[in-house]
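Subject: Structure handover

Hello,

I am passing on the structure we talked about. Please have it open while you read the notes under it.

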Amino acid sequence: MVNSRVEAVPAVAVMSSGGGTVGKSCAGCGSRIDDRFLLFSMERYWHTRCLKCSCCHAQLGEYSSTCYSKGGMILCKNDYIRLFGHSGACSACGQSIPASEMVMRAQGNVYHLKCFTCATCRNRLVPGDRFHYINGTIFCEHDRPGGGGGGLHSGHPTPLQANSMMSDQKVC
């Protein structure tokens, strides 16, 4: 499945090193693959020890039969969802979110900065603003339905924080 800049690879194929794979170079380390088994994923060959999640470093051939690629990173399913949400798309507009773009998060959903707005007044919320998240809808502190401000989110003040997705070191 390929969705814009997001690639979900449906399988990590484990192959025997015979039958046309002799002398292949590993996409991870660049060395020749002489091991008994090797992996084939994202149209490239890998040592079993080299195909790893960029964040948690889990060996993906052992961990899962699926890996994800976005923004130059190779990710396990858990880290992909943690970083980009379930779809890799903005929860408000549905458009893809580039790996280098700053995002806002609320209740496990991910938003473009421009899309994180109050449903009533359409003002954009920025880090530090208090907001209400009611039935999947975002409201600024002043526009909370059914009651005056207070900045409560599940009964607690909710200061807003932005999350950056710039590089492997900053993301993980």
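The notes below cover a hairpin, a helix and the salt bridges. Please keep in mind that this is a predicted model.

Hairpin. Strands β8 (residues 103-106) and β9 (residues 109-112) run antiparallel and are joined by four bridges. Ala106 faces Asn109 of β9 across the pairing. Two residues lie between β8 and β9, which together form a hairpin. In the turn, Gln107 has a positive phi of about 50 degrees.

Helix. α2 spans residues 77-84, and its buried residues are Asp79, Tyr80, Leu83 and Phe84. Viewed down the axis of α2, these buried residues fall within an arc of 105 degrees, so they line one face of the helix. As background, an α-helix has 3.6 residues a turn, so residues three or four places apart point the same way.

Salt bridges. The count comes to two. In one of them, Arg49 and Asp35 meet through their side chains, at 3.2 Å from N to O. This pair links distant parts of the chain: Arg49 sits in the loop between β5 (44-46) and α1 (60-63), Asp35 in the loop between β3 (13-16) and β4 (37-41), and the two are 14 residues apart. Arg49 counts as partly exposed because its relative accessibility is 43%. Asp35, at 25% relative accessibility, also counts as partly exposed.

The other salt bridge is between Asp34 and Arg32, whose closest N and O atoms are 2.7 Å apart. Asp34 and Arg32 are both exposed.

Regards

Methods: Residues numbered from 1 in each chain as written. Predicted model: local features only at pLDDT ≥ 70, side-chain atom pairs only at ≥ 80, totals over all residues. Heavy atoms only, no water. Pairing = 2+ DSSP bridges. Buried < 20%, exposed > 50% of the residue type's maximum accessible area, 1.4 Å probe, protein only. Arc of directions from axis to C-beta. Salt bridge = Lys/Arg side-chain N within 4 Å of Asp/Glu carboxyl O.
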